[in-house]
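Let's take a walk through this structure, one region at a time. Have the sequence and the model open side by side as you read.

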Amino acid sequence: MSAPQPADLSAAAWEQRYQQGRTAWDLGQPAPALQRWVSRQPAPLPAAAIVLGAGRGYDALLLAGQGFQVTAVDFAPSAIAALAQQAEAAQLPLSLRQQDIFTLVPDLAGQFDYVVEHTCFCALDPSLRSAYAQLVADLLTPGGELVGVFFTHNRQGCPPFGITPGDLQAIFRPYFKVLELQPVTVSVPARAGEEHFLRLQRRQDTSGSGD
Ligand SMILES: C[S@@+](CC[C@H](N)C(=O)[O-])C[C@H]1O[C@@H](n2cnc3c(N)ncnc32)[C@H](O)[C@@H]1O
């Protein structure tokens with residue numbers, strides 16, 4: 001029996017998934033855990049937030065509707081086009097970027113109070129995880145936060161690529177302190193028991209080992 005082919009994670013392949021309607025990840029609504037965080041979060045507004053791999057943008061629209069100044073990034077043109085349409089219909093001002101997230105720095109370095117993550121990290125090749133942690137640290141102001149929902153299932157050979165809570169902490173430890181890491185209790189049924197909510201604060205000194 002031949003080994004399964006690795007998934008194509010290029011921009012062209014993601015665009016093709018949108019064009020062919022193969023978008024099983026698309027909830028058609030914001031992540032419930034992010035909705036809950038937004039309804040509780042005590043951050044002074046306005047605050048600048050960036051949503052990575054925003055897709056059609058339900059999470060970005062949620063934040064914009066709450067008064068965040070939102071930048072949403074995705075390298076699939078169809079995703080950005082759908083988000084632009086929704087933003088216009090809702091009359092919400094968002095800054096949209098059709099761009100690979102790994103090219104955001106140095107242009108946008110240090111500009112955000114929040115980086116928001118929902119099913120972008122799990123869509124990246126696991127070899128890019130350290131680069132992702134570095135990217136998030138670079139995008140944030142000192143003291144800024146990463147707020148996200150992460151797949152913590154242990155299935156092999158996806159995407160969505162899962163990660164253990166321990167590995168999550170290890171990847172971000174060089175730059176961040178953990179404010180919150182807990183299983184999501186408000187997942188949509190298909191994701192129940194497979195998600196963790198993570199909130200991290202960028203440390204002022206990110207040159208060390210994270211100890
Ligand atoms: C699983 S989808 C999730 C989309 C959205 N967050 C949601 O929950 O509906 C992953 C998204 O990340 C985008 N993406 C993956 N790698 C990316 C990269 N390196 N730069 C920008 N976007 C990327 C894909 O185009 C896709 O829209």
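If you leave aside its neighbours within four places in sequence, Val 51 is in contact with Asp 59, Ala 60, Val 70, Ala 72, Val 73 and Val 116. Two residues are in contact here if their C-beta atoms, placed from the backbone, lie within 7 Å. Before going further, two notes on the ground rules. Numbering starts from 1 along each chain as its sequence is written. What you're looking at is a predicted model, in which local features need pLDDT of at least 70 and side-chain atom pairs count only at pLDDT 80 or more, while totals for chains, interfaces and linings use all residues.

Next, follow strand β4, where you'll find His 118. (Helices are DSSP runs of H or I with at least four residues, strands are E runs of at least two, and both are numbered from the N terminus.) Is His 118 buried or exposed? It is buried, because 25 other C-beta atoms lie within 10 Å. Setting aside neighbours within four places in sequence, His 118 is in contact with Ala 31, Leu 34, Asp 59, Gly 148 and Val 149. Trp 37 is 81 residues from His 118 along the chain, and their C-alpha atoms are separated by 13 Å.

One step on, Thr 119 is found in the loop between β4 and α5. Its phi is near 60°, a positive value in a residue other than glycine. Thr 119 counts as buried because it has 23 C-beta neighbours inside 10 Å.

Now for some helix pairs. Helix α2 (residues 32-40) packs against helix α3 (residues 58-65) at an angle of about 10°, with the axes 11 Å apart. Axes are lines fitted to C-alpha atoms, for helices over the stretch in contact, and angles run from 0 to 180 degrees between N-to-C directions. So α2 and α3 are roughly parallel to each other; angles under 35 degrees count as roughly parallel, over 145 as roughly antiparallel, 65 to 115 as roughly perpendicular, and the rest as oblique. Leu 34, Gln 35 and Val 38 on the α2 side meet Asp 59, Leu 62 and Leu 63 on the α3 side. By type, the contact of α2 with α3 has four nonpolar residues, one polar and one charged. In this scheme Ala, Val, Leu, Ile, Met, Phe, Trp, Tyr, Cys and Pro are nonpolar, Asp, Glu, Lys and Arg are charged, and the others, Gly among them, are polar.

The other pair is helix α1 (residues 11-19) with helix α4 (residues 77-90), packed at about 55° with axes 7 Å apart. That angle is why α1 and α4 are oblique to each other. Glu 15, Tyr 18 and Gln 19 of α1 make the contact with Pro 77, Ser 78 and Ala 79 of α4. Tyr 18 is buried, with 20 other C-beta atoms within 10 Å. Not counting residues up to four places away in sequence, Tyr 18 touches Thr 23, Ala 76, Ser 78 and Ala 79.

Which residues come nearest to the ligand? Of the 20 around it, they are Trp 14, Gly 53, Gly 55, Phe 75 and Ala 76. A residue is near a molecule if its C-beta atom, placed from the backbone, lies within 6 Å of it. The shell around the ligand divides into twelve nonpolar, four polar and four charged residues.

A cis peptide bond joins Val 105 and Pro 106, with omega about 20°.

Notes: Buried ≥ 20, exposed ≤ 12 C-beta atoms within 10 Å, placed from the backbone.
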